[in-house]
Amino acid sequence: MEKFISHTGTGVPLRRSNVDTDQIIPAVYLKRVTRSGFEDGLFAAWRNDPEFVLNQVQYKSGTVLVAGPEFGTGSSREHAVWALQNYGFKVVISSRFADIFRGNSLKGGLLTVILPQAAVEAIWLAIEADPTTEIKVDLDSRTVSYNGVSVAFELDDYTRWRLMEGLDDIGLTLKQTDSIDAFEAKRASYKPKTLPIRI
Amino acid sequence: MGKTLAEKIWDDHIVRSAQGEPDLLYIDLQLVHEVTSAQAFDGLRLAGRKVRRPDLTIATEDHNTPTIDILKPIADPVSRLQIETLRNNAKEFGIRIHSLGDADQGVVHVVGPQLGITQPGMTIVCGDSHTSTHGAFGAIAFGIGTSEVEHVLATQTLPSSRPKMMAINVEGKLKTGVTAKDIILAIIAQIGTGGGQGYIIEYRGSAIRDLSMEGRMTVCNMSIEAGARAGLIAPDQKTFDYIKGKPHAPEDFPVAQSYWETLFSDSDSKFDLEITLNADVLEPFVTWGTNPGQGLPLNGSVPNPADIKDSEERGAAERALEYMGLTAGTPLKKIAIDTVFLGSCTNGRIEDLRAAASVVEGKKIAPKLRMLVVPGSERVRQQAMKEGLDKVFLDFGAEWRNAGCSMCLGMNPDQLAVGERAASTSNRNFEGRQGKGGRTHLVSPLVAAATAIRGTLSSPADL
């Protein structure tokens, strides 16, 4: 995974709440067996609407999505994270994210930043007043800054460290193989197994 | 201090715990399907890793499978490749798979319990948010993304932060015609789609204990619609009886059961949040909007957004009414329906089919309405046919399909057309969920059946 230390880019204001995973990418776009190419399905239902924020020329090069509360509710599809990344987003800011989407994003290196709704509103106003407003999201200091304003956000130390080092989670866990072996040695024998098949 | 049910299970699965790090949890079972696994297997191949425990892993095909002509090659080449990729991955990594045509193929969350591999006290994951279904057996079961699917395949563990604990007490007795689906829709309407974020929900109280295992699965299934990754119910005699005799029930049943009997929240355990719901006054519930929290008793009317104080919620309601093509003040029972969908991991089990069949038996479907009956699994389909339910539905005028997720997520050809309105026993009424431009009202199997007769949202009491 690529290291994430800091990102500076322009913002895209998505003034909607409850943007669920079926809006981020509908099921019919989930058929690919690769991790790329999902940008076609991003916000598919809204992309034909010329008024939709991604279709407005001033937001074309935005890399920081600033969304309403309850972003990413619904399915566990990591394709939602890939679609946002494939499109070019590096950061999503919202006052509330659904648990599974947030977990997926932080595994995959898409930084999801939780800010109070009032701070989200202030960023929306700043971007709408001047779409070229630069937003800096810094993981080292855990702050979002723009126009001289700096807002702190919380992220646990472990996740921050993993993102800043760009570490492979599986590789980290495999270092604990002895603990896993020891756990398995004392697992109860009545726990079910899928093999051999019983009918 | 005592522990909650979820805390007991969690603590029993900690492989490693370190200050400032998430717990490393052991995973007892991973369920795999075609849509969220291909990239995980690719990751294993790239890193030269194996599946650590193929014997704790099981795959089936459900999300992207056709429900008609299932033994013909799948027409859409991209869908076909996705199914074939799962089959090849299962073969390469030595994983048990139940493919189309197999007696144990079906919606992954229906398949696990019917095989008896879903048992109390387990940790269960799947690349699907409705994994919470398995919590009905007193297990911690939750949906994960593809990166985590790969993680579990490689290590049989998952780094996880301990969630907060919520108790939802549903006390009292449900009236006739009110079901598990109505309980969970009412809960979501009360706490909202984000109300359960960060929590494991334990459903408790007399109305929960009175539910069948199928009903408990329906309740736990939609925990995610309330924002909680997992929901569970303490196992009891009903749970043990359900597992007994299933293919993968423990050989040493008494030993397993004596452990399962320790799985309840201690009287001195502490929940971070407790919520109470009165079952006595519950009515059949339906959704009117585009998220599962936008629901009301069927006797109600489409709400007026102007009456909603919270500006975010008001805006969401305005957009929902526009998308749904509804006018504030319209009685919900006056809403005309084009399609009724009976099925899904929420309500595709045998009991759901029986309930709906008992309502439509001997009746005729409303003119111009179509009804799809999609059993949750091939086993459910066969059981239903043994009971003659297929004939009941066919005589009524419904379509009798093969097992799969089908119109619940509209990934295969079973979709709504633009503007088409459905009463659906599934779990999500998101914009376009069941097909681009399609409109969804979430309902119980009983309401689905009555609606198919009358052509407007209805309960059996209206017949």
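Student: How much of residues 1-117 of chain A is helix, and how much is strand?
Tutor: In this predicted model, residues 1-117 of chain A are 21% helix and 18% strand.

Student: What does UniProt list for residues 1-117?
Tutor: An unreviewed UniProt entry gives residues 1-117 of chain A as "domain: Aconitase A/isopropylmalate dehydratase small subunit swivel".

Student: OK, and the sheet in chain A: what's the strand order?
Tutor: The order is β4-β3-β2-β1-β5-β6-β7 in chain A, seven strands in an open sheet with mixed pairing. At the edges sit β4 (111-114) and β7 (149-152) of chain A, and each of these pairs on one side only. Neighbouring strands are turned by 30 degrees against each other on average, ignoring direction.

Student: Which way do β2 and β3 of chain A run, parallel or antiparallel?
Tutor: Parallel: three bridges join β2 (residues 64-67) to β3 (residues 91-94) in chain A. For A:Val64, the bridge partner in β3(A) is A:Val91.

Student: Is A:Asn18 buried or exposed, and why?
Tutor: A:Asn18 is buried, because 30 other C-beta atoms lie within 10 Å, and the cut-off for buried is 20 or more.

Student: Which peptide bond in chain A is cis, then?
Tutor: The one from A:Leu195 to A:Pro196 is cis, with omega near -5 degrees. A:Pro196 is in the segment after α7 (177-185) of chain A.

Student: Switching to chain B. Where is B:Lys368?
Tutor: B:Lys368 is in the loop between α13 (350-360) and β16 (370-374) of chain B. B:Lys368 also has a positive phi, near 70 degrees, without being a glycine. B:Lys368 counts as exposed because 8 other C-beta atoms lie within 10 Å, where exposed means 12 or fewer.

Student: And how many residues of α13(B) are buried?
Tutor: Eight of the eleven, so α13(B) is largely enclosed by the rest of the structure. Among the buried ones are B:Ile350, B:Leu353 and B:Val360.

Student: What do the buried residues of α13(B) pack against?
Tutor: Their partners in chain B include α8 (213-221), β15 (339-343) and α16 (445-454). Just after α13(B), B:Gly362 takes a positive phi of about 80 degrees.

Student: What are the domains of chain B?
Tutor: Chain B is divided into domain 1 (3-158), domain 2 (162-234 + 249-276) and domain 3 (288-460). The centres of domain 1 and domain 2 of chain B, taken over C-alpha atoms, are separated by 22 Å. Their contact takes 25 residues from domain 1 and 26 residues from domain 2 of chain B.

Student: Which element gives the most on the domain 1 side?
Tutor: That's α1(B), which gives five residues to the side of domain 1 of chain B touching domain 2 of chain B. By class, that side of domain 1 has ten nonpolar, eleven polar and four charged residues.

Student: Last one: how many residues of chain B are in contact with chain A?
Tutor: 67 residues of chain B are in contact with 50 residues of chain A. Helix α5 (residues 146-155) of chain B gives the most to the chain B side, with seven residues. The chain B side has 24 nonpolar, 28 polar and 15 charged residues.

Notes. Residues are numbered from 1 along each chain as its sequence is written. Chains are lettered from A and ligands numbered from 1 in the order in which they are written. This is a predicted model: local features need pLDDT of at least 70, side-chain atom pairs count only at pLDDT 80 or more; totals for chains, interfaces and linings use all residues. UniProt positions are given in the numbering used here, feature names are shortened, and annotations may be inferred rather than shown by experiment. Helices (H or I, at least four residues) and strands (E, at least two) are DSSP runs, numbered from the N terminus. Two residues are in contact if their C-beta atoms, placed from the backbone, lie within 7 Å. Ala, Val, Leu, Ile, Met, Phe, Trp, Tyr, Cys and Pro count as nonpolar, Asp, Glu, Lys and Arg as charged, and the others, Gly among them, as polar. Domain bounds come from an automatic or database domain assignment. Two strands pair if DSSP finds at least two bridges between them. Axes are lines fitted to C-alpha atoms, for helices over the stretch in contact, and angles run from 0 to 180 degrees between N-to-C directions.
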